[in-house]
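Welcome! Please open the structure in your viewer and keep the selection tool at hand, and we will walk through it stop by stop.

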Amino acid sequence: MAADPQKIHPVHDVEAPNQPSAPLVPRSMSKSDAGDPERGVQQQQQHPPQHTIPVMHSRPPKKRRSCCCRFFCWLISILLILIVAIAITVGILYLVFRPKVPKYSVDELRVTQFDTSDNNSLSATFNLTITARNPNKKIGIYYEGGSHISSWYEDTKLCEGSLPKFYQGHRNTTVLSIPLTGQTQDATGLQSSLQQQLQETGNVPLNLKVNQPVRIKLGKLKLFTIKFRIRCNIVVDNLTANSSIRIQSSSCKFRFRL
C-alpha cells in the first residue's frame with residue numbers, strides 16, 4: 001500500500017507582532033538614500049523648504065524721459081529752422097543785390113621826408129594816392145572813423161596814418177590822398193639794408209597794411225559795422241625825398257571780418 005504524500009501547510013506565528021504597513025523610507029527621501037536614514041535626515045536639514053519671493057523691478061520714470069526727449073527734439077527743430085531761414089535769406093539777398101568785392105590800387109607815392117637825424121632816428125613822410133572802386137549796383141559803403149594804414153619795409157614800420165570818413169555810392173570810384181608820417185629809432189641798420197637793397201636789385205619793396213571799419217548799405221538798410229583788411233605790396237625804384245618815384249608793381253588783397 002502506497003504512502004500518501006505529506007502536505008506542508010504554513011503556520012502563522014500568533015505571537016509575532018503585526019508588521020506596519022507604512023513604508024520605512026520617508027517620501028521626501030530618494031531611493032538612493034533609503035539605505036542610510038541619517039543621510040536623508042541631514043539632507044532635509046541642509047535643504048530646508050524654500051519659499052519663492054517675487055522680485056519687484058523698478059521702472060524708470062517715463063514722464064521725465066519723455067520731457068527730455070521732447071525738449072531736445074524741439075531744440076533741434078528750432079535750430080534747423082533757423083539755419084534754413086538764414087540760408088534762404090542769404091540766398092535771396094545774394095540774388096537781389098549780387099554783391100561784388102571792392103577793389104583798391106596804389107597809384108602814386110611821394111616822399112617828402114626820408115632822412116636820419118643826429119640820434120640815428122629815421123623820419124619818414126609819405127603821401128599815398130589810393131583808388132577805391134565800388135563795382136556794386138545796389139550796395140553802398142560807409143567808411144567809418146577809426147581806420148589805420150601803415151607802411152612797412154620788411155619788419156620795420158616806416159610811417160602810418162588813417163583814411164578819411166566818407167560814403168561811397170553805387171558803382172563809384174574814389175581817389176584818396178593819404179599822408180603818412182613816422183619815426184624809427186636806431187635806424188643805422190635800416191639805412192644800410194635799404195642801400196644794399198638798392199644796389200643789388202635797384203628797387204625797394206614796401207608793404208601797406210590797412211584796417212578800415214565800414215558799414216554796408218543794402219538799398220535803404222544800413223547793416224552793422226564790419227572790418228575791411230587790405231594788404232598791398234608795392235615795389236618802387238627809390239625812396240629819395242622830393243624826387244620822382246616810380247611804382248614798378250602794385251597788388252592789393254582784400255578780405256573782411258565781422
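What is the relative accessible area of Lys157, and is this residue buried, partly exposed or exposed? Select Lys157 in this predicted model: its relative accessible area is 34%, so Lys157 is partly exposed.

Lys157 and Glu160 form a salt bridge, with 3.2 Å between the closest N and O atoms. Glu160 counts as partly exposed because its relative accessibility is 33%.

The whole structure holds 2 salt bridges. For another stop, select Arg110 and Glu108, whose closest N and O atoms are 3.8 Å apart in a salt bridge. Arg110 is partly exposed at 41% relative accessibility, and Glu108 is partly exposed at 36%.

Next, show the surface and pick Lys100, Lys103, Arg133, Lys137, Lys138 and Arg171, which form a positive surface patch. Within this group, find Lys100 in the loop that links helix H2 (62-97) to strand E1 (103-116). Lys100 counts as exposed because its relative accessibility is 52% and exposed means over 50%.

From there, move to residues 71-97, which an unreviewed UniProt entry annotates as "transmembrane region". This span is 100% helix and 0% strand, and its end C-alpha atoms are 39 Å apart.

Finally, zoom out and switch to a cartoon view. You can find 3 helices and 10 strands in the protein. Starting at the N terminus, follow the elements in the order α-α-β-β-β-β-β-β-β-α-β-β-β. Of the 258 residues in the protein, 28% are buried.

Note on methods: Residues numbered from 1 in each chain as written. Predicted model: local features only at pLDDT ≥ 70, side-chain atom pairs only at ≥ 80, totals over all residues. Heavy atoms only, no water. Patch = residues over 30% accessible without salt bridge, like charges linked within 9 Å, V, L, I, M, F, W, Y side chains within 5 Å. Areas by Shrake-Rupley, 256 points an atom, 1.4 Å probe, with all protein chains shown as cover. Salt bridge = Lys/Arg side-chain N within 4 Å of Asp/Glu carboxyl O. Lys, Arg positive; Asp, Glu negative; His and termini not counted. Charge placed at Lys NZ, Arg CZ, Asp CG, Glu CD. Helix = DSSP H or I, 4+ residues; strand = E, 2+ residues; numbered from the N terminus. Buried < 20%, exposed > 50% of the residue type's maximum accessible area, 1.4 Å probe, protein only. UniProt positions renumbered as here; feature names shortened; annotations may be inferred.
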